[in-house]
Amino acid sequence: MTFDRRTVLRAGLAGLAMMPASLSRAQAASTIRIGVITDMSGVYRDVSGPTTVACVQQAADEFTAQNPDIKIEILTADHQNKPDVGLTIIRQWFDRGGVDLIENVGNSSIALGSRGIIEEKKKAALITTAGSSDLTGKSCSPNWVHWSWDSWCLAHSTATSLVRVGGDKWFFITADYAFGHAAEADASRFVKAAGGKVLGAVRYPLGSTADFSSYLLQAQSSGANVIAFANSGSELIACLKQAQEFGIEGSGVRLAAMVGYVTDVLGMGLPVAKGLSLTETFYWDLNERTKSFTKRVKPRLPTNILPNMSQAGDYAGVLHYLKAVKELGVAQAKADGRAVVELMKRMPTDDDAFGAGRIRADGRKIHPAYLFEVKRPEESRGPGDVYKLVSTMPAEDAFRPEADGACPLVRS
């Protein structure tokens, strides 16, 4: 088995010079190159970052252990949450780096902006952390698959369920970029459909502040009984810590994350996160298969770190991609990324992170979604035991119906 990994941290364009260029033409023709482009140093480092790379490596190792004749090389780069940086890296990876698949992406603006490049270069993409539901809607592509979650899925599960139990007056604190807008819009629609009201919203530029006190005070004074955060990573953690300082959680107001991860909860601790409502599509302690995957990948991770739904999607999606490469043949897979994606859609999915499933014509991978409530410290049995399962949404209901997404790939 050959598995080389080049890690480009804080890369920008300088990281491109570190990409291996020493493969012979024969080696390059028999090697699948996966470019993991994600946030390695910014606000979303913990929800993707090094653990994403570890999960991709786990998938590659498991696959090549069974298929030693297929060689895999993984490159990583930090897009710094800057679309110009991310898109330039992707284009030069395709032009000069021989990359066959871009993976994770981790920023909706970069993911949406990359579609033309991916299709022009006949490559493939596996998107896990970018959350805009437009990726399988009006901006869908025959060259990519959207795994793990999207803004529609999380908003549908969280908003509908909370309105049903009395959380009917909402206020949003939203990161002002593509995902934040999509999450707020999706959740607002579901709140209203369930009989609730949206009393207001504030938006702030992504990465612009660590002080959310004025936004929280606006939310508190609005009369809302749900404050919803359309952000993630370190910014979500900062919002929740400051909400605790203002006593908002203890005032009877529910706090809801439009996208939240077990990594966020572990980062802030149960005293801060207790009572938070959020939806994930993977939880390490959900069943025997999720526990098995977590046990296998855990030695690659720092102490007290567990994979979240996006990182589990990095593992599961890459494993499924590699199965399609084997079926299609390395040469054809390298020549035509769209053909690999088409085969991924035809093949049923099955892995220890998400179980059995399928990929729809619009590129959406579907599986159940789970509404969780974060446990209070006294309820936890030990490190990592952080969620109470509140409700489960079946796979066929968890994601937006194909007919409603306006994806040109879906035949009416």
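This text walks through the structure, from the whole chain down to single residues. The model is a predicted one.

Start with the overall build. The chain has 16 helices and 16 strands. Its C-alpha atoms fill a box of roughly 65 × 50 × 40 Å, taken along the principal axes. How does the radius of gyration of the chain agree with that of a compact globule? A compact globule of 412 residues would have a radius of gyration near 22 Å, and the chain has 20 Å, so the two agree.

Of the 412 residues, 60% count as buried. Take the contacts with a separation of 6 or more: 73% of them are between residues 24 or more positions apart. The accessible surface comes to about 15300 Å². Carbon and sulfur atoms account for 50% of that surface. The chain has 46 positive and 44 negative charges. Their mean positions are 2 Å apart.

Now turn to the cysteines. A disulfide is a covalent bond between the sulfur atoms of two cysteines. How many disulfides does the count come to? The count is one disulfide. Cys140 and Cys407 form it, with their sulfur atoms 2.1 Å apart. The link is right-handed, with 85° about the S-S bond. Cys140 lies in the loop between β5 and β6, while Cys407 lies in the segment after α16 (395-398), so the pair ties together parts that are 267 residues apart in sequence. Are Cys140 and Cys407 buried or exposed? Both of them are buried. Cys153, by contrast, is in no disulfide. The nearest cysteine sulfur to Cys153 is that of Cys407, 17 Å away. Cys153 is buried, with a relative accessible area of 0%. Cys239 is also buried, and its relative accessible area is 0%.

Go back to the loop between β5 and β6, where Cys140 is found. Thr128 has its place in this loop. Thr128 counts as buried because its relative accessibility is 0%, and the cut-off for burial is under 20%. Which residues does Thr128 touch, not counting those up to four places away in sequence? Glu103 and Asn104 are among them.

Ser133 counts as buried, at 4% relative accessibility. Residues up to four places away in sequence aside, Ser133 touches Asp150, Ser151 and Trp152, along with Asp186 and Arg400.

A further loop gives another picture. Gly98 lies between α3 (83-96) and β4 (101-104). Is Gly98 buried, exposed or partly exposed? Gly98 is partly exposed because its relative accessible area is 31%, and that class runs between the 20% and 50% cut-offs. Leave aside the neighbours of Gly98 within four places in sequence, and Gly98 is in contact with Arg33, Trp93 and Lys334. Consider Arg33 in that list. Gly98 and Arg33 are 65 residues apart in sequence. In space, they are 6.7 Å apart, C-alpha to C-alpha.

Methods. Residues numbered from 1 in each chain as written. Predicted model: local features only at pLDDT ≥ 70, side-chain atom pairs only at ≥ 80, totals over all residues. Heavy atoms only, no water. Helix = DSSP H or I, 4+ residues; strand = E, 2+ residues; numbered from the N terminus. Rg over C-alpha atoms; globule rule 2.2 N^0.38 Å. Buried < 20%, exposed > 50% of the residue type's maximum accessible area, 1.4 Å probe, protein only. Contact = heavy atoms within 4.5 Å. Areas by Shrake-Rupley, 256 points an atom, 1.4 Å probe, with all protein chains shown as cover. Lys, Arg positive; Asp, Glu negative; His and termini not counted. Charge placed at Lys NZ, Arg CZ, Asp CG, Glu CD. Disulfide = S-S within 2.5 Å.
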